Amino acid sequence: MTSTLYLDRASPIHRLNPVTKLVILVTLIVVVFAVPFWWVAVGVVVLVIVPAAVVSRCGGRLAKLGGAILVPIVGVLFLVQGLTFPGGRTALWEWGPFALTVEGLMFALGIGSRIVCLVLASILFVLTTHP
């Protein structure tokens with residue numbers, strides 16, 4: 001059993017200098033958290049992280065690890081923010097003091113997309129960088 005997530009592959013991503021990959025990782029995270037639109041994080045995932053995973057041939061492992069980490073986190077985020085967001089006005093569903101609001105779901109989408117980008121980029125860095 002190995003104590004690392006690194007996958008030894010012969011790809012251009014694997015051959016990059018680890019400092020270069022770390023600078024790219026930090027840049028992606030700064031951009032995603034600095035721009036206040038959820039679609040920027042989705043764009044980074046679709047246009048940068050997914051192609052890099054395909055080129056590095058780590059896509060399957062990235063999807064498996066990312067899914068295991070992100071599904072519970074994003075699920076709870078949408079549930080909690082959707083039901084308890086304090087500025088929610090447009091209710092989609094109500095039950096007692098809880099109301100599933102459009103504003104809460106949009107807030108969860110913004111935070112969730114950033115978390116997905118951060119986690120997937122970090123996992124891809126670990127999968128492609130020899131310790």
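In this predicted model, a polar atom of the Thr101 side chain lies 3.0 Å from the backbone nitrogen of Gly104. Thr101 belongs to strand S2, which covers residues 98-101. With a relative accessible area of 4%, Thr101 is buried, since the limit for that class is under 20%. Apart from neighbours within four places in sequence, the contacts of Thr101 are Gly82, Phe85, Gly88, Arg89, Thr90, Ala91 and Leu92.

**Helix H2**

Helix H2 comprises 17 residues, 18-34. From its first C-alpha to its last, H2 reaches 24 Å, close to the 24 Å expected at 1.5 Å a residue. At the start of H2, the backbone nitrogen of Val19 has a side-chain oxygen of Asn17 within 2.8 Å.

Which residues of H2 are buried? They are Lys21, Leu25, Leu28 and Val32. Viewed down the axis of H2, these buried residues fall within an arc of 65° and therefore line one face of the helix. An α-helix has 3.6 residues a turn, so residues three or four places apart point the same way. The cover over the buried residues of H2 includes helix H1 (12-15), helix H3 (38-56) and helix H5 (102-128). Val19, Val30 and Ala34, on the other side of H2, are exposed.

**Nonpolar core**

The largest nonpolar core contains 24 residues. Those with the most contacts inside this core are Ile49, Leu62, Cys117, Leu124 and Leu127. At least two core residues come from each of H2, H3, helix H4 (59-84) and H5. H5 gives the most, with eight residues.

Leu62 illustrates the packing. Leaving aside neighbours within four places in sequence, Leu62 is in contact with Ile49, Ala53, Gly67, Leu120, Ile123, Leu124 and Leu127.

**Aromatic pairs**

Two aromatic pairs occur in the structure. In one of them, the ring centres of Phe37 and Trp39 are 5.4 Å apart and the planes are at 15°, so the pair is stacked. The planes meet the requirement because stacking calls for an angle under 30 degrees. The accessibility of the two partners is listed below.

| Residue | Relative accessibility | Class |
|---|---|---|
| Phe37 | 45% | partly exposed |
| Trp39 | 51% | exposed |

Trp39 counts as exposed at 51%, because that class begins over 50%. Phe37, at 45%, counts as partly exposed.

Note on methods. Residues are numbered from 1 along each chain as its sequence is written. This is a predicted model: local features need pLDDT of at least 70, side-chain atom pairs count only at pLDDT 80 or more; totals for chains, interfaces and linings use all residues. Side-chain values use heavy atoms; hydrogens and water are left out. Rings of Phe, Tyr and Trp (its six-membered ring) pair if their centres lie within 6.5 Å; planes under 30 degrees apart count as stacked, over 60 as edge-to-face and the rest as tilted. Buried means under 20% relative accessible area, exposed over 50%, partly exposed in between (1.4 Å probe, protein chains only). Helices (H or I, at least four residues) and strands (E, at least two) are DSSP runs, numbered from the N terminus. The expected span of a helix is 1.5 Å times one less than its number of residues. The arc is that of the directions from the helix axis to the C-beta atoms. Contact means heavy atoms within 4.5 Å. A polar contact is a pair of N or O atoms within 3.5 Å; within protein, one must be able to donate a hydrogen and the other to accept it, and residues adjacent in sequence count only if both atoms are side-chain atoms. A nonpolar core is a set of buried Ala, Val, Leu, Ile, Met, Phe, Trp, Tyr and Cys residues joined through side-chain atoms within 4.5 Å.
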